[in-house]
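Hello,

Here is the structure I said I would pass on. My notes on it follow below.

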Amino acid sequence: SLLGIVLGLVLVTYLVAGLDQSLAGIDFQVYRGAIQLVLAGGSLYDFALARPGAGPMPFTYPPFAALFLVPVAALPGDAARWAWTAIQLALCPLLAWITIRQSTTRDAHGVERWLVLGLAVVALLVTEPVVHGIALGQVSLALTALVILDATVVPTRWRGVLTGIAG
């Protein structure tokens, strides 16, 4: 499908372009290291990633970030990084779908709807915050998805729960 081709091209762009390789997945390394320390009986906030020539990077994120990443952190190094990247890439169509669902284009049908969704996904994937967040392995897309789902999809009675988890 057109959407599959577009997503494939964007993924190749991520792999080729990337950021400075010394920063590749650095935030994910912090999450993974902190989670592994907890699984070994340590404290989440005692972990700090050592970086040659720079100060240590401690785990400073909300505990939700750790809970969300436990299954991914249990995987071997490269598999864990690829799994986290795949999850982040999968969040982009979700965020695009929610945005379209809330917009005036919701009357689009068939091919038109898929084209709008594909273009919205591409628009997200080429923005600096998304490229940077995926390259560093951040949780920002997951947090954004939780907040947006909370505000637009969650029944009124339960609104605020996902935002609370994200914060």
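**What was found**

The protein has eight helices and two strands (DSSP runs numbered from the N terminus, with H or I of at least four residues for helices and E of at least two for strands). Along the sequence they follow the pattern α-α-β-β-α-α-α-α-α-α. The model is predicted, so local features need pLDDT of at least 70 and side-chain atom pairs count only at pLDDT 80 or more, while totals for chains, interfaces and linings use all residues. Residues are numbered from 1 along each chain as its sequence is written, and side-chain values use heavy atoms, with hydrogens and water left out.

Of the 167 residues in the protein, 34% are buried (under 20% relative accessible area, with a 1.4 Å probe and protein chains only).

The buried residues of helix 7 are Leu141, Ala142, Ala145, Leu146 and Asp150. Their cover includes helix 3 (63–73), helix 4 (77–102), helix 6 (128–136) and helix 8.

Arg32 lies in helix 2 (residues 26–39). Arg32 is buried but has no salt bridge, and the nearest side chain of opposite charge, Asp78, is 8.4 Å away (a salt bridge needs a side-chain nitrogen of Lys or Arg within 4 Å of a carboxyl oxygen of Asp or Glu; Lys and Arg count as positive, Asp and Glu as negative, and His and the chain ends are not counted).

Regards

Conventions. Buried means under 20% relative accessible area, exposed over 50%, partly exposed in between (1.4 Å probe, protein chains only). Contact means heavy atoms within 4.5 Å.
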